[in-house]
Amino acid sequence: MLTRLIYASEADAALTPAQVDDMLVHARKNNLRQHLTGLLLFDSQCFLQVLEGSRASVSDTFGKILRDPRHRRVELLESTAVDARHFDRWQMAFSPALASHQVVYQRYGCEPRFNPFGMTAGAALHLLVALSPAH
């Protein structure tokens, strides 16, 4: 059985592009080992991430995120059983949440800026799919 988990969080401090790259390298290695896939959106302030895999692997990884001091105000938007992965091509894809995407943010959220905290789980998933590298 597959599980999909979507969460939003704030960065505890300003992260440099190199720090974000380091986070992605570590996440990809861990996700490969645990057979996880997903996508991370980040705008230098907020994260929106989806993880897909076994319930045990998703839970373990989310537990690490909850303990990671780089994340604060972590909000679980969804944790549900799914039949198939949406992001099966990537151990952890990355897409910057750019100001130029404001039309997309408004389509799936309520604001012209990236703010994952006001989104429903369904809207967050649609936004992640819309901004995925394959799209």
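Student: What should I know about the model and the numbering before we start?
Tutor: The model is predicted, so local features need pLDDT of at least 70 and side-chain atom pairs count only at pLDDT 80 or more, while totals for chains, interfaces and linings use all residues. Residues are numbered from 1 along each chain as its sequence is written, and side-chain values use heavy atoms, with hydrogens and water left out.

Student: How many residues are in the largest nonpolar core?
Tutor: That core has 24 residues. Those with the most contacts inside it are I6, L41, L48, F87, F114, L127 and L128. A nonpolar core here is a set of buried Ala, Val, Leu, Ile, Met, Phe, Trp, Tyr and Cys residues joined through side-chain atoms within 4.5 Å. Buried means under 20% relative accessible area, exposed over 50%, and partly exposed in between, using a 1.4 Å probe and protein chains only.

Student: Which elements give two or more residues to this core?
Tutor: They are β1 (2-11), β2 (37-42), β3 (46-54), α3 (102-108) and α4 (121-130). The largest share, 6 residues, comes from α4. Helices (H or I, at least four residues) and strands (E, at least two) are DSSP runs, numbered from the N terminus.

Student: What is F114 in contact with?
Tutor: Leaving aside neighbours within four places in sequence, F114 is in contact with L41, D43, C46, L48, A97, Y105 and L127. Contact means heavy atoms within 4.5 Å.

Student: And the second core, how many residues there?
Tutor: The second core is separate and has 17 residues, including L5, L24, A27 and F47.

Student: In what sense do β1 and β3 pair?
Tutor: They pair in the antiparallel sense, over 9 bridges. Two strands pair if DSSP finds at least two bridges between them. E10 has C46 in β3 as its bridge partner.

Student: How many bridges join β2 to β3?
Tutor: There are 6, and these two strands also run antiparallel. G38 stands opposite L51 in β3. The hairpin of β2 and β3 has 3 residues between the strands, and S44 takes a positive phi near 85° there.

Student: Now charges. How many salt bridges are there?
Tutor: The count comes to 6, where a salt bridge is a side-chain nitrogen of Lys or Arg within 4 Å of a carboxyl oxygen of Asp or Glu.

Student: Which residue does E78 meet in a salt bridge?
Tutor: E78 meets R4, at 2.8 Å from N to O. E78 lies in strand β4 (residues 71-82) and R4 in strand β1, so the pair ties together parts that are 74 residues apart in sequence.

Student: Are those two buried or exposed?
Tutor: E78 counts as buried at 17% relative accessibility, and R4 counts as buried at 9%.

Student: What about E10 and R73?
Tutor: Their side chains meet in a salt bridge at 3.0 Å, N to O. E10 is in strand β1 and R73 in strand β4, 63 residues apart. E10 is buried, with a relative accessible area of 18%, whereas R73 is partly exposed at 43%.

Student: Which residues are in the salt-bridge network?
Tutor: E10, R72, R73 and E75 are linked in that network.
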